[in-house]
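Please read the report below alongside the sequence and the 3D view.

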Amino acid sequence: MTTGATGPAPDLDTVRRVTGAVRQNIERVIAGKPDVVNAALVVLLAEGHLLIEDVPGVGKTQLSKALARSIDCSVRRIQFTPDLLPSDVTGVSVFNQDTREFEFRPGGVFANIVVGDEINRASPKTQSALLEAMEERQVTVDNATYQLEKPFMVIATQNPIEMEGTYALPEAQRDRFMARVSVGYPVESAEIAMLEGHTSHNPLDDLEPVTDAGEIRKVIEIVGRVHVAPAVHRYAVALTTATRTSPDLHLGASPRATLHLVRAAKAVAATQGRDYVLPDDLHGITSPVLAHRLLPNVEATMSGRTTAAILSGIVESVPVPDASGSRA
């Protein structure tokens, strides 16, 4: 995907209308978490995948299902369990006795939005079944390749606290998620409102689609035309390069992370009504886009320094380009 100005000026009114309707719909279910909802929308418009990582009971699955139900498109949920097989995710070829031929039966990944609940409860073998689909938007089974429809987004949840019976996501898997967010506990007023509105019925049951797959494809195309100046490209590369040279990190951000950072920044700019990316757009999303890809070294871990703290220091150390494109 090429960043930069291409084609006619982006239709930002359409972006604002669609994202506003989806945001309002999701907030009927997830109250008091505008940053988390915005992050989910940014990932959707940037053609990425979202990892929701938090403790049980804070609304991880509710958020993913609310986003899926807000769009009139194909949605499938995969409950990741220890006995889940790769073929359950990708599909399998079954012999048809009538035609005397093998027929492909699609797995759970064949949908516009795939909700993967508790992804770290499946074995690494099953987790790896998502790798090709998440990166290349296709599935290969028995030497046959099947393309996935656009939009295609994987929204996965996992619990970082309970480790019994779970398998940590491999780095190749984590790197394919554009962003990782945590829902967190609600503020007091939001939790009281939840008690008043959620005890008699589930608000998810009342959620109706406010847009469809065709309109989301159009918005994604509009976001792709948002302009990124050369200075902003250099700033994105400088940020990820700084993570690779940090003495506190064993593993820095990949080139895929740089691409994801710029794509997400274009979506942020579009949702804010701009057809160009500012350095602040990158600055504001470095944590959700980069933090889950980084591994602190032994010394940093022993000293109690978190990945978020290390990344924050790195971001502050990288000079920000000014409005004219020169370094500040």
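## A buried aspartate and the helix beside it

Leaving out residues up to four places away in sequence, D117 touches T61, R77, I78, Q79, F80 and T157, where contact means heavy atoms within 4.5 Å. This is a predicted model, in which local features need pLDDT of at least 70, side-chain atom pairs count only at pLDDT 80 or more, and totals for chains, interfaces and linings use all residues. Residues are numbered from 1 along each chain as its sequence is written, and side-chain values use heavy atoms, with hydrogens and water left out.

D117 is part of strand β6 (residues 113-117). Helices (H or I, at least four residues) and strands (E, at least two) are DSSP runs, numbered from the N terminus. With a relative accessible area of 7%, D117 is buried. Buried means under 20% relative accessible area, exposed over 50%, and partly exposed in between, with a 1.4 Å probe and protein chains only.

The side chains of D117 and T61 form a polar contact of 3.0 Å. A polar contact is a pair of N or O atoms within 3.5 Å; within protein, one must be able to donate a hydrogen and the other to accept it, and residues adjacent in sequence count only if both atoms are side-chain atoms. T61 is one of the buried residues of α3, together with K60, L63, S64, A66, L67 and A68. Helix α3 (residues 60-69) is mostly covered, with 7 of its 10 residues buried.

## Residues in loops

D175 sits in the loop between α7 (171-174) and β10 (179-181). Is D175 buried or exposed? D175 counts as buried because its relative accessibility is 10%. The D175 side chain has a polar contact of 2.9 Å with the side chain of S254, and another of 2.4 Å with the side chain of R256. Apart from neighbours within four places in sequence, the contacts of D175 are S254, R256, H260 and R293.

G252 is located in the loop between β12 (249-251) and α11 (255-271), and is buried at a relative accessible area of 18%. From C-alpha to C-alpha, G252 and T240 are 7.3 Å apart in space and 12 residues apart in sequence.

N143, in the loop between β7 (138-141) and β8 (144-147), counts as exposed because its relative accessibility is 81%. N143 and T157 are 14 residues apart in sequence, and their C-alpha atoms are 30 Å apart in space.

P151 lies in the loop between β8 and β9 (153-158), and the peptide bond that joins K150 and P151 is cis, with omega about -5°. E47, in the loop between α2 (34-45) and β1 (50-53), is not a glycine but has a positive phi of about 60°. The relative accessible area of E47 is 24%, so E47 is partly exposed. R137 is likewise a residue other than glycine with a positive phi, near 55°. R137 is in the loop between α6 (131-136) and β7 and is buried, with a relative accessible area of 16%.

## Two partners of helix α1

Axes are lines fitted to C-alpha atoms, for helices over the stretch in contact, and angles run from 0 to 180 degrees between N-to-C directions.

| Pair | Axis separation | Angle |
|---|---|---|
| α1 (residues 12-26) and α9 (residues 213-224) | 10 Å apart | about 130° |
| α1 and α2 | within 10 Å | roughly 135° |

The angle in the table makes α1 oblique to α9, and α1 is oblique to α2 as well. Angles under 35 degrees count as roughly parallel, over 145 as roughly antiparallel, 65 to 115 as roughly perpendicular and the rest as oblique.

The crossing of α1 and α9 is left-handed, whereas that of α1 and α2 is right-handed. A crossing is left-handed if the near helix is turned anticlockwise from the far one by less than a right angle, and right-handed if clockwise.

On the α9 side, T14, V15, R17 and V18 of α1 meet E215, I216, K218, V219 and I222 of α9. For α2, the contact is made by V15, T19, V22, R23 and I26 of α1 and V37, N38, L41 and L45 of α2.
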